[in-house]
Amino acid sequence: MRADGMLIFDDQVMEMVEGSISLSGVKNRYFRKKNHSWVKAVRHEEVRIALMELDDEQLTIIELLVFEVRSPLDVRKKLEMSPKDMRIAIRNIRRKLLSVM
């Protein structure tokens with residue numbers, strides 16, 4: 001566990017997510033629209049479906065970590081989450097995305 005309360009593997013899942021979505025120009029759509037519509041632009045069908053099953057908070061976590069390049073601590077503070085809640089959210093995102101990869 002890191003000093004900010006996050007587990008080490010949390011960064012690894014964000015690298016995986018970034019690799020899956022930035023290849024298709026999804027990042028540009030996010031910055032143009034600033035809403036979750038970028039999910040529909042993900043070319044990998046299974047990943048797109050998995051992302052669509054995430055809730056608003058989980059998608060916001062991905063957006064802040066991947067598109068806005070915020071640290072997990074910054075994201076946790078912005079969303080006013082406890083370290084435990086952040087870990088649970090990241091774990092659930094990770095499970096959902098790993099299930100389709």
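Which side chain meets Lys96 in a salt bridge? The partner is Glu53, with N and O 2.5 Å apart. The model is predicted. The protein has six helices and zero strands.

**Overall build**
- Along the sequence the pattern reads α-α-α-α-α-α.
- The protein has 101 residues, and 38% of them count as buried.
- Among contacts with a separation of 6 or more, 59% join residues 24 or more positions apart.
- The accessible surface is about 5800 Å². Carbon and sulfur atoms make up 48% of that surface.

**Salt bridges**
- The structure holds two salt bridges.
- One of them is the Lys96 and Glu53 pair. This pair links distant parts of the chain, 43 residues apart. Lys96 sits in helix α6. Glu53 lies in the loop between α3 (45-52) and α4 (56-67).
- Lys96 is partly exposed, because its relative accessible area is 27%. Glu53 is also partly exposed, at 49% relative accessibility.
- Arg70 forms a salt bridge with Glu68. The closest N and O atoms of that pair are 3.9 Å apart, within the 4 Å cut-off for a salt bridge.
- Arg70 has a relative accessible area of 30% and is partly exposed. Glu68, at 25%, is partly exposed too.

**Negative surface patch**
- Asp55, Asp56, Glu57 and Asp85 form a negative surface patch.
- Asp85 belongs to helix α6, which covers residues 83-98.
- Asp85 has 41% relative accessibility, so this residue counts as partly exposed.

Methods:
Residues are numbered from 1 along each chain as its sequence is written. This is a predicted model: local features need pLDDT of at least 70, side-chain atom pairs count only at pLDDT 80 or more; totals for chains, interfaces and linings use all residues. Side-chain values use heavy atoms; hydrogens and water are left out. Patches are made of residues with over 30% relative accessible area and no salt bridge: like charges are joined within 9 Å, nonpolar side chains (Val, Leu, Ile, Met, Phe, Trp, Tyr) within 5 Å. Accessible areas come from the Shrake-Rupley method with a 1.4 Å probe; for residues, only the protein chains shown count as cover. Lys and Arg count as positive and Asp and Glu as negative; His and the chain ends are not counted. The place of a charge is taken as NZ of Lys, CZ of Arg, CG of Asp or CD of Glu. Helices (H or I, at least four residues) and strands (E, at least two) are DSSP runs, numbered from the N terminus. Buried means under 20% relative accessible area, exposed over 50%, partly exposed in between (1.4 Å probe, protein chains only). Contact means heavy atoms within 4.5 Å.
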